[in-house]
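Here are my notes for a first look at this structure. Please read them with the model open.

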Amino acid sequence: MKTRLILTVALFLGLLMGACSDSGDRQTAKDLLATIPGDAAYVAVINTDALVTSTGGKIKDKTVVEPSETLRKFLERINRRETSAHLDSLFAGKGGIEFSCFALFENGGNMWLIAPLADAAKTESYFKRRGYPLQQAGDGLLCAEDIAFDKTHIWVSLKDSAANAAAVDAFKRLNKEQSMASSDYADKLTALENDYIDLWDSNILWRTLGPSADKARMISAFMFAEVRYASFSADMSETSIIANGRFLDSSFKDAKCNLATSKLATRDFNILGDKAQAVAGLSIDSKLMKNLVRAAGIFGAALPPSVQEALENIEGPMVAASDEANNIIFTIPCKKGSEQTIVKAVDGLSFLLGNDPGLRMTTKEGAVLISINGGPQSGEPIAKLGEKLDGAWLGLAFSAGYLPDMKPITDFSVALVPTRSSLEFRIRVDYK
């Protein structure tokens, strides 16, 4: 089967989170938005230029890529033999592609990649040499299989096996009012203050969750006054990727959070012991527990009286730790003096914990600890993992030892962080 452009470009773009920085690149981003329908359910602006340079590589004349060793390591993990030569040719500038700003967008159930061209003649020659049956389609368009291009841009169909020439022709003919260039979020997308930035319509975001979509909508409605969009941004360096996510209302402002949120601190994890390979935490405010009890009633969950009493006494940092052998310890924080209320409720729900002979429950002032085999036996200092969740409301962090197959990734953390009256989604990936 013929090697398709999508197999290389899409994999490459999965890593390329670089930012357009100069005014010429910002104009390129604006030109891309002008060809994207204004009702696109998802749109992202990406730039290969800053990615390559921020990870130690080089780009010459915006058409020739010299990837760094860091980027090569990632590419080696995803590259296939049939795509490596194709990718090397694109890096060498033989495809005529300009490696500045790229864009991704969804339209009519299909996902598209659009990139600027530096030399359309090279692009035409490149695909002809690879046996693409190029045909004239629309105003100045050449189309074959999953691609379509004119003198300035190339479109790649990422979902369908063939590019729809009529759709691309329509993209080209959009006026500003019909395109994403007229969106109230366009300036944010083209300011390129981050390496990568996107905008999701909440409807398509829920659809990506499949059977869990309805639950996600209910949770969203419970957590926020209104969520209409989500926007994610990311920055990449030679040693890490840091990504942030924002939940937005219909005015593209941060969605107001309905929950009473507090913050975790590094010291909250000291109660778990000395070492671990993974930690998780949730900072519980008393008002939050009241809301959860109320939500359980709304969703039709009948709580036993002992459980409801226990929930009403829970507050503080709920933290957990584990090692790769699944030796686990976690805490149920509570108001001082109500520890036995928690113990009674846990005993009543013992069927959830099973009959593991290594299971232990102990109490400390303001907390009940539950452990399996005494908790984690190996890993790195708890404080080192815990500091990754410092300031978060809810989060998870683990080191390479917990999931050894994730190399070259060494550490990973994901968290929901209170910011003003909303919540921000944060991910950090560290690698060698």
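1. A residue is called buried under 20% relative accessible area, exposed over 50%, and partly exposed in between (1.4 Å probe, protein chains only). By that scale K188 is partly exposed, at 33% relative accessibility. E193 is exposed, at 59%.

2. This is a predicted model, in which local features need pLDDT of at least 70 and side-chain atom pairs count only at pLDDT 80 or more, while totals for chains, interfaces and linings use all residues. Residues are numbered from 1 along each chain as its sequence is written, and side-chain values use heavy atoms, with hydrogens and water left out.

3. Confidence comes next. pLDDT is the predictor's confidence in each residue, from 0 to 100. Its mean here is 84, and 86% of residues reach 70 or more.

4. The structure holds 13 salt bridges. The term means a side-chain nitrogen of Lys or Arg within 4 Å of a carboxyl oxygen of Asp or Glu. K188 and E193 form one, with the closest N and O atoms 3.6 Å apart. D430 and R428 form another, at 3.0 Å, N to O. D430 is buried at 12% relative accessibility; R428 is partly exposed at 34%.

5. K62 pairs with D25 in a salt bridge, N and O being 2.8 Å apart at the closest. K62 is partly exposed, at 27%. D25 is buried, at 1%.

6. R246, D254 and R420 are linked in a salt-bridge network.

7. Which residue is buried yet has no salt bridge? D268 is, and the nearest side chain of opposite charge, R267, is 4.6 Å away. The D268 side chain does reach the backbone nitrogen of A265, at 2.8 Å.

Methods: Lys, Arg positive; Asp, Glu negative; His and termini not counted. Polar contact = N/O pair within 3.5 Å; in protein donor to acceptor, adjacent residues only side chain to side chain.
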